[in-house]
Amino acid sequence: MTSQAGTGACTLNLFLLTFILGTGGTFQYGLHISLINSPAEYIQRFINTTWHHRYGSSLQPHSIKLFWSFIVSVYSIGGLLGSFMVGYLSVKFGRKRTQLYNNLASILGASLIGLSLTAGSFEMIILGRFLYGFNAGVSLNLHTMYIGECAPQRLRGMITVTVSLFIALGKLMGFVVGLRELLGSEVLWPYLMSVSCIPALIQLLVLPFFPESPRYLLIDKGDKDGCLKAMQKLWGPGEHKYELDGMLAEKKVIEGEQSKSVKDLLKDRSVRWQMFTLVLVCGFIQLIGINAVYFYAYEVFKKAGIPTDQIPYISLGIGITEILTTMLCGSLIDRVGRKILLWVNYGLIALTLTLLTVTLSLQDLYSWFPYVSSMLIFIFTLSFGLGPAGVSCVLPTEMFVQSYRPAAYVLIGTLNWLGLFILALAFPFIEEALGSFCFLIFMVYCLSMSVFSFLMVPETKDRSILEILDSFKQLNFKKQGNKKICATRL
């Protein structure tokens, strides 16, 4: 069924909102994933120098490494806390106000790190990184929820995929500004680490001119007039009857229900398969191995004969590839559908990881294998951006009614940050023990997800949320076969 709301040309406001939300949203997450690598040497030297000035003795190398590891990992701790809080905050204050307030954490974090060198305090870097993590933990979920609820059904996939696009843009920008020719020098690293205050300020100043999520206004606040005004401002003039009827039907179904907790989500049988799908596709996304492949990229390019000083620029090529494929995913997701993009690209990633394991294992035996490994890294990045990276942004919005959606984002956000934290701690030891065979762990996950997506994930393209939930009824209640139960609870 085609959305009437999307038959006309969408106004510029929707795309401006997409840009503003992305700039202060998941762009920040991607930025800090890549940004931290460039100033590592300078920050460690600053820690040792500061310690010597305070106590008259230098730190041992393992102590410096311990401080540095904590600076890196505290970002995940902040992100985990932000993920815990986003469900409550987004219901209590609304999507828009929560996103606005969240920028204050980024601005404060940037101020602390920017002044750390002058103040001679590496503790300010730790606190700043924690605040960055909290900001990213909120934004990673809230940005997806907000923009997904603001998009008309016909453009829901394309608009929501921009969440992944801004992550990729953030990673690329982190690589760019971290180049030695720009801010990646020993003198300028505090400014480099504070650069995220710029997108935060942009969003803080511009977002107030845009409306709250229409779905939140109608379903959570019961403000039909406000909902209509928001739709008209974002989607252009018109009645938008089809979209409004869908929201009213959803509101009627959950009438009187309070916003659900993660505990409710885990216990309620009526959303069991939605939860399983969400956890496997979105919550365990770190098991695809994208960060592990990035870890190997430097050595692969080095063995391929690429000069060391040129490798950072080749790494930019990986970032650009991820951006281009995510944009391609945005143009395809509402045409070919979510399901096919998932299972096909999971399968391609599994095949690529298998071949990469072989080429890395035999890299020293054949002079041309490093070039094959380099090509496989680009293919991996392409499949990741075209499939899981883009589709995983869309599914949480489409699989849950309004009362369950915040809890769903809390769950996957928590799993994502835990996965990032555990992978950062465990992967060096796994890689040391298994070498290139460590990719087989990720290959097994991707192959399993290709089969799962093909067999169990329903297509959600061009379907209302209630129609999508109806697809899960047979799975959630297959033993009872009782439609009456399905109708009473979602």
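How many cavities of 30 Å³ or more does the structure hold? It holds two. This is a predicted model, in which local features need pLDDT of at least 70 and side-chain atom pairs count only at pLDDT 80 or more, while totals for chains, interfaces and linings use all residues. Residues are numbered from 1 along each chain as its sequence is written, and side-chain values use heavy atoms, with hydrogens and water left out.

A cavity is a set of points on a 1 Å grid over the protein atoms alone where a 1.4 Å probe fits but cannot get out, and its lining residues have an atom within 4 Å of a point. The largest cavity has about 430 Å³ of space. Its lining comprises 24 residues, and those closest to its centre are Leu140, Ile167, Ile285, Ser392 and Asn416. By type, the lining has 14 nonpolar, eight polar and two charged residues.

Eight are present in the structure, each a side-chain nitrogen of Lys or Arg within 4 Å of a carboxyl oxygen of Asp or Glu. Arg45 pairs in this way with Glu186, and their closest N and O atoms are 2.8 Å apart. Because Arg45 lies in helix 3 (residues 40-55) and Glu186 in the loop between helix 7 and helix 8 (189-193), the pair ties together parts that are 141 residues apart in sequence.

Definitions and conventions. On a 1 Å grid over the protein atoms alone, a cavity is a set of points where a 1.4 Å probe fits but cannot get out, and a pocket is an open set with protein on both sides within 12 Å along at least five of seven lines; lining residues have an atom within 4 Å of a point. Grid points are joined across faces, edges and corners, and a volume is the space filled by probe spheres set on the points. Ala, Val, Leu, Ile, Met, Phe, Trp, Tyr, Cys and Pro count as nonpolar, Asp, Glu, Lys and Arg as charged, and the others, Gly among them, as polar. Helices (H or I, at least four residues) and strands (E, at least two) are DSSP runs, numbered from the N terminus.
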